[in-house]
Amino acid sequence: MVDKTLELFDCGHRACGGCGAALAARMVTKAAGTNTIVVSSTGCMEVFSTPYPETAWKVPWIHSLFENAAAVASGIEASLKKQGRNEKVVIMAGDGATFDIGMICISGAFERGHDFTYICYDNEAYMNTGIQRSGATPYDASTTTSPAGKCSFGNKRPKKDMPQILAAHGSPYVATTSIAYPADLMQKVEKAINTRGPCYVQIHAPCCTGWGFEGEQTIAIAKLAIETGLWVNYEMVEGKVVKAKKVVRKPVEEYLKTQKRFRHLFKPTRQDAEIAAIQAIADRNAEKYGIDIKLRKE
Amino acid sequence: MMHITEGSHAVAEAVRLCRPQVISAYPITPQTHIVEALAEIVADCQLDAEYITVENELSALSACVGASAAGSRTYSATTSQGLALMFEVCFNAAGMRLPIVMSIANRALGAPLSIWNDQQDSISLRDSGWLQFYAEDNQEATDLHFLAYRVAEDHSVLLPALVCFDGFILSHTYEPVDMITQEDADRFLPKFSPYERLDAADPISFGMYATPDYYLEFRYEMDRVLKQSKEIIHNAGKEFGCMFGRDYSAMIEGYRLEDADTAIVAMGSICGTTKDSIDEMRDEGKKVGLLKIRVYRPFPTEEVAKALSHVQRVAVLDKNISLGAKGAVALEVRDALYSSGIPVKDFIIGLGGRDVRKKDIKAVVALVEKGEGDIFYGLRREVL
């Protein structure tokens, strides 16, 4: 059993107050325990946790490049196997590194079936470089490369379905979770680590700076994402959804209204058609994963 | 023991004897015979290694980065476009001070696409912090792998190394090669002992970011260590010579150079053709000699200056071109001879596999004797 009282992601790092990714790092390392080697891709987490000569990581940690964490992890896993060592290999990468630039390395590593856990902290844009859109940016979110304007409502495409892509690679365990649900998060990370083969956990990790909200709202906003059906916490075992968190759904605008990245949908004029399109995304999620709790009529 | 064998197979056998624990590679012509041979060697349990068949070269070297950091001896091989795809990882591996050894079956870079030999690929990585060895023949290509591991893994060096040998010209050519035994290889190249490694029992962070307060010093250290590695190369090369009779203590090698008026400077397989040409020119009374450069990084600047101090003129054969400037070897040789006043003429030759024959070497000598040079040799003007 892993001792979850240990703090293996230390205080003193340079993350913003209210950073969802920092919370993810803390919970993931707690769940993983000391017998772990962490591989980070380039990104916010790498930068805020390791300004030479300081490091926040109390487990062995390596950062090589933006796109190659899965390949570096493949090498580490092979090396450990050859040496007869039993450390667990855990990748911590942002959504840009995962959905976009690292896609080839990830696909190759999952296809080869290395025994590692790939964790994506998903804050839905390139935050380290200043809030540019990624393949994980949601529909209509305004970023610095998908700005809302006179003839634009922001990001034109919905999120890429990364969990499905990795499930299609034959990953034995794929899960989504959120920093708002620490017990769920740590349980899924532990399960992924203890499942043989390449496993994937995608963590919804709101970014106060990039999304435009006050730092003390991080958890509340992460919860709203779940409660509106715009984020679904689910598990896939051998490619099949086995469990999804059920909710009494709220309208999506309760989530959208909390963040500056969606402000253009409400000001200067309310964009009903766009809000309806986002509601339709939540409705499809609800149907696909069966998350709606049916209230019994009295 | 002497074997008649293909260059790629000789290299694969040398790699086997070096006992890498993790091999990671992606196929590309003309490197393929090396990685195929190694795959067979691993499949037949002749080498106890993990062989990772990655999806591209960037991942090939990235996997070596991870494996090396975790404490394993690692190996990869590539060429040309594959090396270009690794560019980012090459700088990273050197900066992280990981003693990876990689074979390069030298090949031209596109566009236009060319699968044939020149040395543009590895030369283009000259600033990355890797040691660079160049082989004249398959015996040297074989032996340099032992030397490369030995030097790269030395705790006073800890930098990755390229062993370069000309694609097709060496990689696909059968030559007699004297292969050392496993016992001898183990004596020359001890078990890999990483200076530090990823280890849950002793956690450290690898590959952190450095602010302007620290970055300059990291680069200084790499440069200092690379320059100091000359001594390690010398000692290891000498020891190899004592053990097996082939002395690699010098980073350069002269051929009939002692009394030469005209010196040719070259790297790789072209040195063999040059030696034959020199023999014939000597028979005609021409005092021509060769200075072969075996180690391009670190560059043996002082050694080159000393070896060429007595000549009247120098012709450098460059199988590469720093477009808009000169050939990369000529630039270094000029730097070495700067204060001597000895004229150094550059000849860009054999790019993209254009054959270089004895008559071409003789023509180069005739040109440099007339004070000519700094040209692309053998241009077919009619197609320009």
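Predicted model: local features only at pLDDT ≥ 70, side-chain atom pairs only at ≥ 80, totals over all residues.
Residues are numbered from 1 along each chain as written, with chains lettered from A in the order in which they are written. Local features need pLDDT of at least 70, side-chain atom pairs count only at pLDDT 80 or more, and totals for chains, interfaces and linings use all residues.

**Exercise 1.** Find which elements of chain B give two or more residues to the side that touches chain A.

*Solution.* Start with the contacts (C-beta atoms, placed from the backbone, within 7 Å): 36 residues of chain B meet 36 residues of chain A. Next, list the elements, which are DSSP runs (helices H or I, at least four residues; strands E, at least two). They are β2 (22–25), β3 (50–53), α3 (57–69), α5 (87–95) and β9 (205–206) of chain B. Of these, α3(B) provides the largest share, nine residues.

**Exercise 2.** Work out how strand β2 (residues 61–63) of chain A is joined to β9(B).

*Solution.* Strands pair if DSSP finds at least two bridges between them. Here two bridges join the strands, which run parallel. Now look across the pair: A:I62 stands opposite B:F206.

**Exercise 3.** Locate B:A148 in the largest nonpolar core and list its contacts.

*Solution.* Such a core is a set of buried Ala, Val, Leu, Ile, Met, Phe, Trp, Tyr and Cys residues joined through C-beta atoms within 7 Å; buried means 20 or more other C-beta atoms within 10 Å. This core has 218 residues, and B:A148 is among those touching the most other members. Finally, leaving aside neighbours within four places in sequence, B:A148 contacts B:V101, B:L131, B:F133, B:A161 and B:V163.

Definitions and conventions:
Buried ≥ 20, exposed ≤ 12 C-beta atoms within 10 Å, placed from the backbone. Contact = placed C-beta atoms within 7 Å.
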